[in-house]
Amino acid sequence: MTTGREVVVAKYQEISKRLDRGLPQIEQLVSGDKALARRMVIAAKNALAANPDLAQCTPNSFYLAILNCAEAGLVPGPFQHAHIVRFGDRAVMLPGYKGYIWKAAQEGIGRVETIEVVYHGEDFSHQLGDNPKVHHVPGSRAEEDPAKITHAYAIFRHPDGSKTPKVISRAQIEAARKMSKAPNGPGWRDNYASMAMKTAVHRLFKVVPVSPGVSKLVAMDDAADAGIPQIPTDVTVIDVDPEIAASGEDAGETGKQAPVPSPGRTRAKPAPPAPASQAKAPETAKEGPSDSAPVEESAPESEETQIGAEVAKTDS
């Protein structure tokens, strides 16, 4: 009889091989930086090893989530720049509020100077208008009870020194949670304060001038909440049929292998058939790779085995 642990390990290995097979596409999205691409794959495997629940995701959805990380330039993991979460059987990349902060600073559009939550009983007030202000004196916070959070806010400092604050109420935080695809998932359940701050930062970047990179994060966030799969446009995605990817299904289960062409790319038209006078006797067809997808070698198994050993210790 197959045990739950064996199922998790098998799924880990399947997803791990899918990531290794797609390493060239990940490298392409990070401008050929092989070290960064490999670090993203390792971070993805570590996230999978740390959270066996992600093994319920289809391999291709997990791969697409990592492609989105690469396109955004965010490495999932302990820095909390990005998170891989499960929506049903689909893995999705969600930018973290620290990812927004890092991306804005990296692209030189300004910086998030302050980001906080407010608890019941703390000295807090804010005003809008020509001279928006936020006044907040935190309490002792001996017990940071998520149920007592009343507001969340973020303050953006522009390059000229001016500031733009964004304050959201508890009701607005709850409305965002309920609109999420996982309103009762681990993110909101275990990290309510972080999710509240992330919501404030997300809305802040909808009202301040942003760079294309930050704008991309906002779009990815909105698409994830709407349940819309995101397929990167800057790379040809191997093994994912457009219609299957749009429905969230795993292309590998159907046996299809179709690339998604990037904008501006065209496929070469097949050459016309040779005249009958030039036709040669038919030869036995040799099996070989399709012209529609490049052949890619899997990464060495040693790294997969090393990280996979962690999964073997985790019982479902």
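A nonpolar core is a set of buried Ala, Val, Leu, Ile, Met, Phe, Trp, Tyr and Cys residues joined through side-chain atoms within 4.5 Å. Buried denotes under 20% relative accessible area, exposed over 50%, and partly exposed the range in between (1.4 Å probe, protein chains only). The model is predicted, with local features requiring pLDDT of at least 70 and side-chain atom pairs counted only at pLDDT 80 or more, while totals for chains, interfaces and linings use all residues. Residues are numbered from 1 along each chain as its sequence is written, and side-chain values use heavy atoms, with hydrogens and water left out.

**Figure 1. Overview of the chain.** The chain contains eleven helices and seven strands; these are DSSP runs numbered from the N terminus (helices, H or I, at least four residues; strands, E, at least two). Of its 316 residues, 42% count as buried. Of the contacts (heavy atoms within 4.5 Å) with a separation of 6 or more, 63% are between residues 24 or more positions apart.

**Figure 2. The largest nonpolar core.** This core holds 61 residues, and Leu-19, Ile-26, Phe-62, Ile-84, Met-93, Ile-173 and Phe-205 touch the most other members. The greatest contribution, nine residues, comes from helix H4 (residues 59-72). Another core, of five residues, lies apart from it and includes Val-118, Phe-124, Tyr-153 and Val-167.

Figure 3. Leu-19 belongs to helix H1 (residues 4-21) and counts as buried because its relative accessibility is 1%. Beyond the neighbours within four places in sequence, Leu-19 contacts Ile-26, Val-41, Ala-44, Lys-45, Phe-62, Tyr-63 and Ile-66. Leu-19 and Lys-45 are 26 residues apart along the chain, and their C-alpha atoms are separated by 8.6 Å. With the same exclusion of neighbours within four places, the contacts of Phe-205 are Tyr-100, Ala-104, Ile-109, Val-112, Phe-156, Val-210, Val-214 and Val-218.

**Figure 4. Helix H8.** The 13 residues of H8 (residues 192-204) reach 18 Å from the first C-alpha to the last, close to the 18 Å expected at 1.5 Å a residue; the expected span is 1.5 Å times one less than the number of residues. H8 is mostly covered, with ten of its 13 residues buried. Among the buried residues are Tyr-192, Met-195, Lys-198 and His-202.

**Figure 5. The largest pocket.** A pocket is found on a 1 Å grid over the protein atoms alone, as an open set of points with protein on both sides within 12 Å along at least five of seven lines, where a 1.4 Å probe fits; lining residues have an atom within 4 Å of a point. The largest pocket contains about 1,200 Å³ of space, the volume being that filled by probe spheres set on points joined across faces, edges and corners. Its lining comprises 43 residues, with His-83, Val-85, Leu-94, Gly-187 and Met-195 nearest the centre. Elements giving two or more residues to this lining include strand E1 (82-87), strand E2 (90-95) and H8. The lining divides into 20 nonpolar, 14 polar and nine charged residues; here Ala, Val, Leu, Ile, Met, Phe, Trp, Tyr, Cys and Pro count as nonpolar, Asp, Glu, Lys and Arg as charged, and the others, Gly among them, as polar.

**Figure 6. Two loop residues, His-81 and Gln-230.** His-81 lies in the loop between H4 and E1 and counts as buried because its relative accessibility is 16%. Gln-230 is placed in the loop between H9 and helix H10 (242-247), and its relative accessibility of 25% makes it partly exposed. Not counting residues up to four places away in sequence, Gln-230 touches Asn-68 and Ala-223. The C-alpha atoms of Gln-230 and Asn-68 are separated by 7.4 Å, although the two lie 162 residues apart along the chain.
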